[in-house]
Amino acid sequence: MEQIFETLKGIIVRALPTFVLVILLHWFLKKVLFQPMEKVLEERRKKTEGAVEASEATLALVNEKLATYENSLADARAEIYKEQEAGRKRLADQQVKAVEAARVKAGERVAVVKAELALEVEKATASLTAESDRLAEEIAGLVLAGKVQ
C-alpha cells in the first residue's frame with residue numbers, strides 16, 4: 001500500500017506544476033480575455049438595447065404622427081364632402097327656383113295667349129254674327145223680291 005502512495009505522490013508531484021499552470025492560465029485568460037470580452041459584450045448589449053428603444057420610440061412617434069395625419073385627412077375629406085353637399089344643395093335650390101320661374105312665366109304666357117285667343121274668338125264670333133245677319137237680310141231681300149226660285 002505504501003508503494004501505491006509513493007506512486008501517487010510521484011504522480012501528484014509531477015502533475016502539480018501542470019495544475020498550477022492551468023490555474024495561472026485560467027486566471028490570466030479571465031483577466032486578459034474574458035473580462036474585457038464581457039465588458040465589450042455588455043456595452044454592445046446596452047447599445048443594441050438603446051438602439052432598439054430609440055427605434056421603438058421613433059416608431060411610436062411615427063405611428064402617432066400617422067394617426068394625426070389620418071385624422072386630419074379624414075377631417076379634410078369630411079369638410080370637402082360638406083362643401084360638395086352644400087354646392088349640390090345650392091345648385092338644386094337654383095334649379096328649383098329656375099323651374100318655378102319658368103313655370104310662372106309659362107303660366108303668364110298661357111294666360112296672355114288665352115286672353116288673346118278669347119279676344120280673337122269674340123271678334124270672330126262678332127264678325128260671323130254680323131256676316132250671318134247681312135247674309136240673312138240679303139237672302140230675305142232676294143226671296144221677298146222674288147229673284148230666288
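Here, buried means under 20% relative accessible area, exposed means over 50%, and partly exposed is whatever falls in between (1.4 Å probe, protein chains only). This is a predicted model, so local features need pLDDT of at least 70 and side-chain atom pairs count only at pLDDT 80 or more, while totals for chains, interfaces and linings use all residues. Residues are numbered from 1 along each chain as its sequence is written, and side-chain values use heavy atoms, with hydrogens and water left out.

**View A. Glu100 and Arg103 pair up through a salt bridge.** A salt bridge here is a side-chain nitrogen of Lys or Arg within 4 Å of a carboxyl oxygen of Asp or Glu; by that rule the count is six. For Glu100 and Arg103, the N to O distance is 3.4 Å. The two residues sit three apart in helix 1, so about one helical turn separates them. (Helices are DSSP runs of H or I with at least four residues, strands are runs of E with at least two, and both are numbered from the N terminus.) Arg103 counts as exposed because its relative accessibility is 52%, whereas Glu100, at 39%, is partly exposed.

**View B. Arg134 makes salt bridges with Glu131 and Glu138.** On the Glu131 side, the closest N and O atoms are 2.3 Å apart; on the Glu138 side, the N to O figure is 3.1 Å. Glu131 is three residues from Arg134 in helix 1, about one turn of the helix. Glu138 is four residues from Arg134 in helix 1, so that pair is also about one helical turn apart. Each side chain in this view gets the partly exposed label: Arg134 has a relative accessible area of 42%, Glu131 has 35% and Glu138 has 40%.

**View C. Salt bridges link Glu42, Arg45 and Glu49 into a network.**

**View D. A nonpolar patch on the surface includes Trp27, Phe28 and Phe34.** Patches take residues with over 30% relative accessible area and no salt bridge, joining like charges within 9 Å and nonpolar side chains (Val, Leu, Ile, Met, Phe, Trp, Tyr) within 5 Å. Accessible areas come from the Shrake-Rupley method with a 1.4 Å probe, and for residues only the protein chains shown count as cover. Phe28 belongs to helix 1, residues 2–145, and is partly exposed because its relative accessible area is 44%.
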